[in-house]
Protein chains: 2
Amino acid sequence: MTTRKSALRLRPRAGNLYDGKCATRGVLDHITSRWGMLILILLIDRTLRFSELAREIGGVSEKMLAQSLRALEDDGFVLRTVYPTKPPSVEYSLTPLGTQLAPHVRSLTTWVEKNLSAVLTFREKKHLRKAS
Amino acid sequence: MTTRKSALRLRPRAGNLYDGKCATRGVLDHITSRWGMLILILLIDRTLRFSELAREIGGVSEKMLAQSLRALEDDGFVLRTVYPTKPPSVEYSLTPLGTQLAPHVRSLTTWVEKNLSAVLTFREKKHLRKAS
DNA sequence: CGGTATCCAGCGCGATACTG
DNA sequence: CAGTATCGCGCTGGATACCG
């Protein structure tokens with residue numbers, strides 16, 4: 001129940017840009033979300049089951065994992081395949097669209113990881129300067 | 001006052017990945033935030049003043065703009081230059097680090113903008129299938 | 001002009017419990 | 001195994017007012 005208006009939460013409050021498309025932010029929210037990025041990156045390498053994703057990511061609640069997967073599926077980036085075995089198993093993989101998108105996400109995170117030490121060092125120097 | 005522990009809010013709750021670096025998420029939060037992305041992209045083209053940024057972005061409160069700029073400045077992506085004129089003026093530009101980062105952000109948003117119609121169409125088809 | 005301080009409503013997200 | 005349902009708190013971010 002609750003809200004039946006899907007996960008789209010574009011803010012009609014003000015006319016910001018993103019080339020005039022407010023909906024872009026909605027999609028970006030899904031993609032750049034904490035778990036969304038990890039899901040997209042992990043699925044580049046191979047198809048994964050729900051529990052495998054949970055294990056790989058670590059520290060994600062079932063609720064948030066399901067929710068993030070749902071959002072990416074609704075946007076057409078992730079394909080959900082159900083095998084009616086007993087017990088049931090569900091596999092997640094990237095769609096062609098997701099396969100295009102994921103590298104962009106990975107290049108961003110990779111850059112940040114590589115330059116993380118530079119950022120932390122910079123923060124430290126700023127901090128010392130204030131404590132002069 | 002309030003919290004004097006800087007803007008860093010890494011969650012020590014669970015050991016997720018990002019190559020073992022939790023702080024990476026903190027940086028990514030700043031970069032991929034609603035206004036953070038816009039700031040980085042806009043500053044690629046040219047240096048902008050506070051009020052110019054506010055006008056270009058549109059619909060951002062002074063509080064959030066200042067907060068986002070502050071986070072990016074603390075991380076070493078944005079350079080803040082104060083000119084002690086009367087009235088005062090402040091210019092924001094990208095640091096060398098920010099100049100490296102921003103294109104990654106732009107490539108992501110550009111891709112999403114280009115493929116937004118595909119996403120929206122996909123959502124529509126899903127919606128119709130459910131209403132069968 | 002370029003901010004900070006304060007207040008507070010809303011919902012994001014974690015915890016917990018239950019299901020096919 | 002792979003989820004959904006419900007509750008409640010905490011933090012995000014908008015509104016408003018004020019300052020150098």
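Guide: Welcome! Helices (H or I, at least four residues) and strands (E, at least two) are DSSP runs, numbered from the N terminus. This is a predicted model, in which local features need pLDDT of at least 70 and side-chain atom pairs count only at pLDDT 80 or more, while totals for chains, interfaces and linings use all residues. Residues are numbered from 1 along each chain as its sequence is written, chains are lettered from A and ligands numbered from 1 in the order in which they are written, and side-chain values use heavy atoms, leaving out hydrogens and water.

Visitor: What makes β2(B) and β3(B) a pair?

Guide: Two strands pair if DSSP finds at least two bridges between them. Six bridges join β2 (residues 78–83) to β3 (residues 89–94) in chain B, so the two strands pair, and they run antiparallel. Val82(B) has Val90(B) as its bridge partner, and Thr81(B) stands opposite Glu91(B). A hairpin of five residues links β2(B) to β3(B).

Visitor: Why do β1 and β2 of chain B stand at the edges?

Guide: The open sheet has three strands in the order β1-β3-β2 (chain B), paired antiparallel. β1 (48–49) and β2 of chain B each have a single partner strand, so one side of each is left without a neighbour in the sheet.

Visitor: What makes a group of residues a nonpolar core?

Guide: The members are buried Ala, Val, Leu, Ile, Met, Phe, Trp, Tyr and Cys residues joined through side-chain atoms within 4.5 Å. Buried means under 20% relative accessible area (1.4 Å probe, protein chains only), exposed over 50%, and partly exposed in between. The largest such core here has 68 residues, and Ile31(B) is one of those with the most contacts inside it. Helix α5 (residues 96–130) of chain B gives the largest share, nine residues.

Visitor: Which residues does Ile31(B) touch?

Guide: Contact means heavy atoms within 4.5 Å. Leaving aside residues up to four places away in sequence, the contacts of Ile31(B) include Leu108(A), Val112(A), Phe77(B) and Leu101(B).

Visitor: How do you know that Glu62(A) makes a polar contact with DNA strand D?

Guide: A polar contact is a pair of N or O atoms within 3.5 Å; within protein, one must be able to donate a hydrogen and the other to accept it, and residues adjacent in sequence count only if both atoms are side-chain atoms. A polar side-chain atom of Glu62(A) lies 2.7 Å from a base nitrogen of DNA strand D, so the pair qualifies. A backbone N or O atom of Val90(A) lies 3.3 Å from a phosphate oxygen of DNA strand D.
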